Amino acid sequence: QYMVNWYHNIIKCAAENQLLVDFHGAYKPDGIIRTYPNMITREGLMGNEYYQFSTKMNPEHNVKLAFTRMLAGQMDYTPGGFLNVTREQFKKQAPTLVWNTRAAELSKFVIYESPLTVVCDHPDNILNKPGADFLKIVPTVWDDIKFIAGYPGDYIALAKRSEKDWFVGVMNNSIGRLINIKLDFLPSGDYDMEIWADSKDSAKKPELLQKSKQTAKSGDTLKIKMTDNGGYVAVIRKREPGSDSTAGRSIILI
């Protein structure tokens, strides 16, 4: 009770002084943001830092968080581990290795809810690397959220809107699968999609990322092949009349 009161007193004092608070290392949220919205995020979970000193981290755990801990409120998981490895390559060390694909790491920025998103890795491991361009455009606050599909421990697919743009994030567990994503959450019209996804070799080389562009319509169904420990993110923007189609262009980023 002493520590609970300490956290409450800090939040109240910060609010009185117009300060925002990120409680990293704290217990999980308890609803106090309803009274003090200046508490913008907090930890209270087993996040990316645990890869450095624990073998408990795995893709199943990361998927489960979206159905369990995240229901309690904002979640300072500290995503952004770009030293991606397979289960066989993983070991506890510094710098920290992360057991999932690069695309799965990007999906955490869409799926996990944290208005202040703290990236965990050293800038040298991120800057100019495949996927860094996505981190430059992904928001941390959203205007709408749609649950698309998923099951605890298996996979999770969410769509989130920022103004007129939609971001789709899909995270898989350690078993590859084919996932159908129906775009019925989009208003009617034609759309351009920019995609960051697993490549055909990502199961063995998790740092590989396939970036592509395609067109879509509201109500279309995306068929996404998810690799082991894999992920997928896409930005969907409504196409302006007279603009060129972006379909059919893709590139493997290494």
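## The second largest pocket

Helix H2 (59-67), strand E3 (144-151) and strand E4 (155-162) each supply at least two lining residues of the second largest pocket. Helices (H or I, at least four residues) and strands (E, at least two) are DSSP runs, numbered from the N terminus. This is a predicted model, in which local features need pLDDT of at least 70, side-chain atom pairs count only at pLDDT 80 or more, and totals for chains, interfaces and linings use all residues. Residues are numbered from 1 along each chain as its sequence is written, and side-chain values use heavy atoms, with hydrogens and water left out.

E4 gives the most to this lining, with 3 residues. The pocket has 13 lining residues. Nearest its centre lie Ala66, Met70, Glu113, Ile145 and Leu158. Its volume is about 200 Å³.

## How pockets are found

On a 1 Å grid over the protein atoms alone, a pocket is an open set of points where a 1.4 Å probe fits, with protein on both sides within 12 Å along at least five of seven lines. Lining residues have an atom within 4 Å of a point. Points are joined across faces, edges and corners, and a volume is the space filled by probe spheres set on them.

## The largest pocket

The largest pocket holds about 370 Å³ of space. Its lining has 16 residues. Ala197, Asp198, Gln210, Ile224 and Lys225 lie nearest the centre.

Strands E7 (190-197), E8 (209-217), E9 (221-226) and E10 (231-238) each give two or more residues to this lining. E9 provides the largest share, 5 residues.
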